[in-house]
Amino acid sequence: MSKTSGSSKADLVADQSLSRHLLFVFAVVAGIRSLCARFSIIPDCDEVFNYWEPTHYLTHGFGLETWEYSPVYAIRSWSYAWIHAVLVNLCRLIGFSEAGLFFALRAVLGTFCAFCEVQLYGSLLRNVSQSAAQWFIFFSLTATGMFHASVTYLPSSFSMYFTMLAYSKILEPESLHSPGPAILMFSVSAVLGWPFSVAVAIPFFSEILRELVSDPARWKIALRIVKAGLLALTLLAGVVAFDSYAFQKLQIVPLNIVLYNVLGTDETGPEIFGTEKWTYYVFNLLLNFNVVVLFAILSAAVMVNMTFLYSSLSTTKIITILSPLFLWSIIFFRQPHKEERFFYVVYPLICMNAAIFVDSFIVLGKRLFEIIEVPASTIRALDYIVHIEVVALVTLIAFSRIAALHSFYFAPLEVYGALFDENAKLGSQDSDILNVCVGREWYRYPSSYFLPENMRLKFIQSDFDGMLPTEFVGESWLDGASRVPAGLNNVNKQELSFYVPVSECDYLVDSNFTVSDVEGTHEQQYVADTEWWQVVNCSRLLDNDQSSLLARIFKLPEAAEGMILETPLYHRTWVSYCLLKSVKR
């Protein structure tokens, strides 16, 4: 047997072993993401009204429309909604119940996220180190931010998936000479997902330009870039064509999104929905990643010149993979309007940067100890202690935060889910459309996927005075998508015609939060109004204003919670979040 033959066999065995390992890791990650799909809360009402509702309109023929979908503004893509509508319909064909379609789509998103995570994990394993890859997947699986971002139906989550795929390609040694796959992933992220996600590609694009100037084989590289660019333009043309067909007029939605956010005035730009100080992101990132985000920040030290730790990576490659997180932070910390979801794109990069820092810190520490001739047994013991301490600290903080989010804010998904049981009790007694009303709790609505076919959401007036969505109207989805709805505007101005009187409500979802005592308030304590309303189902919801900061952030195991005395620093107040039935029924 020749040496070449033996080497080939060894490589084949190694590849097969790696494939089995990656398959095992994927099974573990996908399993955890399925739990995320089932137990994660809905962190942002924009997800419901801008994505779940249009998708429900496509799959069920009814749903709510926001101003962003009006052909007048067109800053949401029907191409993106249709991709998910197809997935929902496939879940129906497989046999998921109507009540389970919401969680089924979440599970699909979580599975795809798991695939992307494992692709990046495998690339780190091959091109950086086994330890860095293991830290990455550990940080990703325990991060509170990834717990909900992995299954969230938002363009920023979609871009997060493809950012992982892009960086799994960038880490490969041939990425500069064959940049096509990474460019294509970035293109899908920006065109179908969120246009601003292209910012994380800037360091890689800069490196490609440098390579074009210095590499003798620049024409081959240029040709591959052109091929990838043509594919990206084809994708963009397809999206523009489909969206223009839906709106029945030429619309370039990615461009519309950029123009709205960049050129919007004080009266029509994103700032009308609120502004925050830079500390908003600091607090948010600490909640979602605890000490891991600090490790990610410290990865800046690795960019100085740490090639002696990672011989397979050049200094420029290290900068290319670590700098996007800092570039993204500089851009978005400066924006007045801030949302948690804006950082979803770089959530995996936080985990990757942190993983590389922790790995390099441990390796550097070992080498320094070896130089000063510390015994090998002591080095191994210290290495073990560092691993245990980091794993324990990250896990405990993350799990207590995840438990807090589910325990404190999952009530809406439970309460609206009771409508299917309520509808089953009605049987064939009532074929009329029933109105499920919501007032001040409108922003917790989990989507029309929680409504049976014979129920519709209606708004009753509360003290909220901004723009609410209206219903899609049309004989077909195309008719509804292309019709300009009356009353919608881009200045967050209230439209009174969107409300119905309480007397038209068959069901009502409300909480027993304290009602404003301001004269002229539209809010009432419906939960306590037993003369007109019967309680069908209630679940407890945390009252943030009446609970202490520490008790809002973390949730300890029940045994530990029972041992803690209520103090001004640690106490919780609960309210009831209820589904009510009109006594007239």
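A charge sits over a ring if NZ of Lys or CZ of Arg is within 6 Å of the ring centre and within 35 degrees of the ring normal. In this predicted model, the charged end of arginine 38 sits over the ring of phenylalanine 103, 4.6 Å from its centre. Arginine 456 places its charged end over the ring of phenylalanine 62, 3.5 Å from the centre.

This is a predicted model, where local features need pLDDT of at least 70, side-chain atom pairs count only at pLDDT 80 or more, and totals for chains, interfaces and linings use all residues. Residues are numbered from 1 along each chain as its sequence is written, and side-chain values use heavy atoms, with hydrogens and water left out.

**Cavities**

A cavity is a set of points on a 1 Å grid over the protein atoms alone where a 1.4 Å probe fits but cannot get out; its lining residues have an atom within 4 Å of a point. Volume is the space filled by probe spheres set on the points, which are joined across faces, edges and corners. The structure holds 3 cavities of 30 Å³ or more.

Lining classes are set by residue type: Ala, Val, Leu, Ile, Met, Phe, Trp, Tyr, Cys and Pro are nonpolar, Asp, Glu, Lys and Arg are charged, and the others, Gly among them, are polar.

| Cavity | Volume | Lining by class |
|---|---|---|
| Largest cavity | about 60 Å³ | 2 nonpolar, 5 polar and 3 charged residues |
| Second largest cavity | about 50 Å³ | 3 nonpolar, 2 polar and 3 charged residues |

The lining of the largest cavity includes Arg440, Asp510, His522 and Tyr526. Phe62 and Arg456 are among the residues that line the second largest cavity.

**Aromatic pairs**

Rings of Phe, Tyr and Trp (its six-membered ring) pair if their centres lie within 6.5 Å; planes under 30 degrees apart count as stacked, over 60 as edge-to-face and the rest as tilted. The count comes to 54 aromatic pairs. Phenylalanine 408 and tryptophan 574 form an edge-to-face pair, 5.6 Å centre to centre, with 70 degrees between the planes. Phenylalanine 408 lies in helix H17 (residues 376-409) and tryptophan 574 in strand E7 (residues 574-582), so the pair ties together parts that are 166 residues apart in sequence. Helices (H or I, at least four residues) and strands (E, at least two) are DSSP runs, numbered from the N terminus.

Buried means under 20% relative accessible area, exposed over 50%, and partly exposed in between (1.4 Å probe, protein chains only). Phenylalanine 408 is buried, at 0%. Tryptophan 574 is partly exposed, at 27%.

Methods:
On a 1 Å grid over the protein atoms alone, a cavity is a set of points where a 1.4 Å probe fits but cannot get out, and a pocket is an open set with protein on both sides within 12 Å along at least five of seven lines; lining residues have an atom within 4 Å of a point.
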